[in-house]
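Please follow this walk through a protein model, which begins at a pocket and then turns to helix packing and aromatic rings.

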Amino acid sequence: MAVALLVALPIYADGYNTNWYYEVDKKSAWQGDLTARLKAIEGVFEGQLGVYVQNLASGEAFSWRAHDPWYLASLIKIPVAAQVLAERQAGTLTLDDRLTLARSDFVDGAGPTNWHDPGTPISIRYLMEQMITVSDNTATDMLIDRVGLAAVNARARAMIAASGGNPDEMGPISKLVGVRQGVYGEFHPDARELGGMDFIALRQHSVSQRGQALARVLGVSTDTFAQPDYDHAFDAYEATGENVGTLSAFGDLLASLHPARQAVAMEDVNDEQRQALLALMLRTRSGKQRLQAGMGSGISFAHKTGTQQRRSCDAGIAERTNAVMATHGPWVIVTCTRGPEAVSAHERALARVGEALRYSGALGKAW
């Protein structure tokens, strides 16, 4: 699957109006400045950065490893939300509908949904809020179960295509419990049969001890494991292509949400639904020490964050207060990092990327 994804990445599917924006024919002076700043940040970070910026008004785009495949982590929750809103528009659900929390729904990670008792009815509105603003995994999987994983994957592809991008640059999206089954399954195939509560228990152990803890749960020896440790297991899982995509493709996905772009293929997610999702993304409470910390005041950022083992992302649509649309955006910004173990190191790097965007002129005149 990984090979298929990597082979497919450079190839644009027939029928898509790809690359309406441009990265070669027009390169403003800020692009060279931003490149120099990113090189400096990466040297201190001791990892890798991926950065994609697209001005939705002018079409000018910038790429720093944005055409490489990256693990997108919780960024995939945006197409989940878009599919929920598509079904709201179609009348097949309302945000006041309630889903019953089952014990099998629990997934480790942030968010308050796990604080509820099994059997509790929870509104779709509440689940959407928690999924986007604090990246609640249990809420996400409950919503995926409601709308269907196939529909979520189709939605992601439709959003990319609506902006003229190549949907084949996005790998398959999985449930969050599926991520855990995939990662631990790289140690031993029997781990793919474990459930959310099993992974919650495994997460109580430090990363260095999770392999031994898994062996005890499965009743096997670590000698039978295909991977030596959690880092290698996660690398192997990422290589399968699940929840992996190029930052430029994810930028196209985000662009389909903004009224600056007429998303013809998104008629089943109208402007009302798109504005509802952008308003929700503006309330994101995670990642305050990432891009926003560097971009500072004077800009609004409707965004979503993602965090996984040695990987972090921050992506959204930025707009300047009282900006002139023709010359000052809005901008799609997609950034991911990989390398150091400490999340704080990733957040410092992403904050410095925010500063680089601000002071290079990538987001208009520096402020």
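**The pocket and its surroundings**

Helix H7 (176-185), helix H10 (230-238), strand S7 (299-308) and helix H14 (343-360) each contribute at least two residues to the lining of the largest pocket, where helices (H or I, at least four residues) and strands (E, at least two) are DSSP runs numbered from the N terminus. The model is predicted, with local features needing pLDDT of at least 70 and side-chain atom pairs pLDDT 80 or more, while totals for chains, interfaces and linings use all residues. Residues are numbered from 1 along each chain as its sequence is written, and side-chain values use heavy atoms, without hydrogens and water.

H7 gives the most to this lining, with five residues. The lining comprises 37 residues, of which Asn137, Arg180, Arg203, Thr307 and Gln308 lie nearest the centre of the pocket, and it divides into 14 nonpolar, 13 polar and 10 charged residues (Ala, Val, Leu, Ile, Met, Phe, Trp, Tyr, Cys and Pro count as nonpolar, Asp, Glu, Lys and Arg as charged, and the others, Gly among them, as polar).

Elsewhere, Ile78, Ala81, Ala82, Leu85, Arg88 and Gln89 in H3 meet Gln273, Ala276, Leu277 and Met281 in H12, contact meaning heavy atoms within 4.5 Å. By class, this contact of H3 with H12 has seven nonpolar, two polar and one charged residues.

Turning to aromatic rings, a search of the whole structure finds eight aromatic pairs, that is, rings of Phe, Tyr and Trp (its six-membered ring) with centres within 6.5 Å, counted as stacked with planes under 30 degrees apart, edge-to-face over 60 and tilted for the rest. The rings of Trp30 and Phe62 have centres 6.0 Å apart and planes at 50 degrees, so this pair is tilted. The pair links distant parts of the chain, with Trp30 in helix H2 (residues 29-45) and Phe62 in strand S2 (residues 61-64), 32 residues apart.

Notes
On a 1 Å grid over the protein atoms alone, a cavity is a set of points where a 1.4 Å probe fits but cannot get out, and a pocket is an open set with protein on both sides within 12 Å along at least five of seven lines; lining residues have an atom within 4 Å of a point.
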